[in-house]
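Look over the sequence and the 3D structure, then read on.

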Amino acid sequence: MLTRVASPRDKRALKNLYEGSMYKEMPRLVKGALNVDCERVIVVEGQQKILAAIYNGACGYEHLWSSYLVFQDETAGKALVDFLMKAREERGLRNLYVFCPKEFVNTRVHLILRGFVPECIRKIDEIEYIVENHDGTFYPKYQITAPIEAFSVNLRKAESKDSGTLAKILYESLPEDFATAEDATGDVRWWLTEMPEYIIVACTPNNLPIGIILLTPETFPVLDENLALLNYIAVDKRFRGRGVGQALVKEACNVLRKNGKHSMEVDVDAHDISARIFYTKTGFYPFWFSKNYMPHDDGIFYRIDF
Ligand SMILES: CC(C)(COP(=O)(O)OP(=O)(O)OC[C@H]1O[C@@H](n2cnc3c(N)ncnc32)[C@H](O)[C@@H]1OP(=O)(O)O)[C@@H](O)C(=O)NCCC(=O)NCCS
């Protein structure tokens, strides 16, 4: 695969690539660039075909912007992101922004792994973009582990006899959220008393609790009465990567939908790469970035609509 600047002879191939994609037609900016300023379009070529393209340009405040990412082949799309990261660095520009369509889940995971943080969400011509930003300071060291075979998980309401096991899972999984095991026990008991329908438990077929999700049917401040909050989700370490977390989120959406909710939000530490990948893969999208929101980190707010 070769990543290079486009040339006028790529026009037909690019037209086909865009027409066959969610953009449905070649964007005006790309068309214009092919006529006058080809450097603004970067393509990936392989097997004598154009596999991916992106429009980019340094405009204003020394930022490099890019949009209209399109690809036939996911690897080619990722190569474009890496090419632009290098270009930002070589040209001494301050930030690289990528307008990434919300649907490009694997590309969004790639951006997370490259140290991008989402800034905001923009809707242009019916396409929703997550605007991802990289300022060259954050390169996460992270390896995706191979998926483990899924297994059948039972979901049910929590019972008071589960509280010890659930508190242990919460405390061990989220040490920054709970100072002591007693804090976690207190929260589980409170939920069981006050909002038992909003605490969902994942169990093994022999009814052993291995995961928990705690929800609140409203946000504080109340921003939208159809909106709920995901307070905590945790899966016993021994059972991670088998679809338990995803099953809990799915069930949470079902429960909330029955209670008149349409969306759920969660805030995540910007450096918590695992959680950000998990939420991205599970159907959440980032919609807000808040500098220094967490005690030692920036906060990224994710939402899922159902
Ligand atoms: C986050 C957590 C709840 C995920 O639970 P899980 O049961 O391991 O997640 P799943 O197996 O359902 O994973 C769903 C998807 O996310 C991906 N994923 C989950 N954890 C991941 C990780 N650490 N790295 C990369 N991908 C991950 C899975 O590969 C899967 O993607 P796929 O559908 O393409 O296979 C669990 O890791 C956990 O308890 N972590 C500690 C507590 C925590 O961080 N909670 C969230 C804080 S806001």
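## Around the ligand

Helix H8 contributes the most to the shell around the ligand, with 5 residues. Helices (H or I, at least four residues) and strands (E, at least two) are DSSP runs, numbered from the N terminus. This is a predicted model: local features need pLDDT of at least 70, side-chain atom pairs count only at pLDDT 80 or more, and totals for chains, interfaces and linings use all residues. Residues are numbered from 1 along each chain as its sequence is written.

The ligand has 22 residues around it, and Arg240, Val244, Gly245, Gln246 and Ser274 come nearest. A residue is near a molecule or strand if its C-beta atom, placed from the backbone, lies within 6 Å of it. Strand E11 (227-235), H7, strand E12 (263-269) and helix H8 (273-281) each give two or more residues to this shell. By type, the shell holds 12 nonpolar, 7 polar and 3 charged residues. Here Ala, Val, Leu, Ile, Met, Phe, Trp, Tyr, Cys and Pro count as nonpolar, Asp, Glu, Lys and Arg as charged, and the others, Gly among them, as polar.

## Helix H8 and what follows

Which residues of H8 are buried? They are Arg276, Phe278, Tyr279 and Thr280. Buried means that 20 or more other C-beta atoms lie within 10 Å of the residue's own; exposed means 12 or fewer, and partly exposed is in between, with C-beta atoms placed from the backbone. The cover over the buried residues of H8 includes H4, H7, E12 and E14. Just after H8, Gly283 has a positive phi of about 110°.

Strands E13 (residues 285-294) and E14 (residues 297-305) run antiparallel, joined by 6 bridges. Two strands pair if DSSP finds at least two bridges between them. A hairpin of 2 residues links E13 to E14. Met294 sits opposite Asp297 in E14.

## Two cores

The largest nonpolar core has 43 residues. Leu170, Ile212, Ile213, Leu248 and Ala252 have the most contacts inside it. Helix H7 (residues 244-258) gives the most to this core, with 7 residues. Such a core is a set of buried Ala, Val, Leu, Ile, Met, Phe, Trp, Tyr and Cys residues joined through C-beta atoms within 7 Å.

Take Ile212. Leaving aside neighbours within four places in sequence, Ile212 is in contact with Leu166, Ile169, Leu170, Ile199, Val201 and Ala234. Two residues are in contact if their C-beta atoms, placed from the backbone, lie within 7 Å.

## Two domains

The domain assignment gives domain 1 (2-134) and domain 2 (154-305). Such bounds come from an automatic or database domain assignment. The domain centres, taken over C-alpha atoms, are 34 Å apart. Their contact takes 11 residues from domain 1 and 12 residues from domain 2.

On the side of domain 1 that touches domain 2, helix H4 (105-113) and strand E6 (117-124) each give two or more residues. H4 supplies the largest share, 5 residues. This side of domain 1 has 8 nonpolar, no polar and 3 charged residues.

## The whole chain

The protein chain has 8 helices and 14 strands. Its C-alpha trace spans about 70 × 35 × 35 Å along the principal axes. Of the 306 residues, 33% are buried. Among contacts between residues at least 6 apart in sequence, 60% join residues at least 24 apart.
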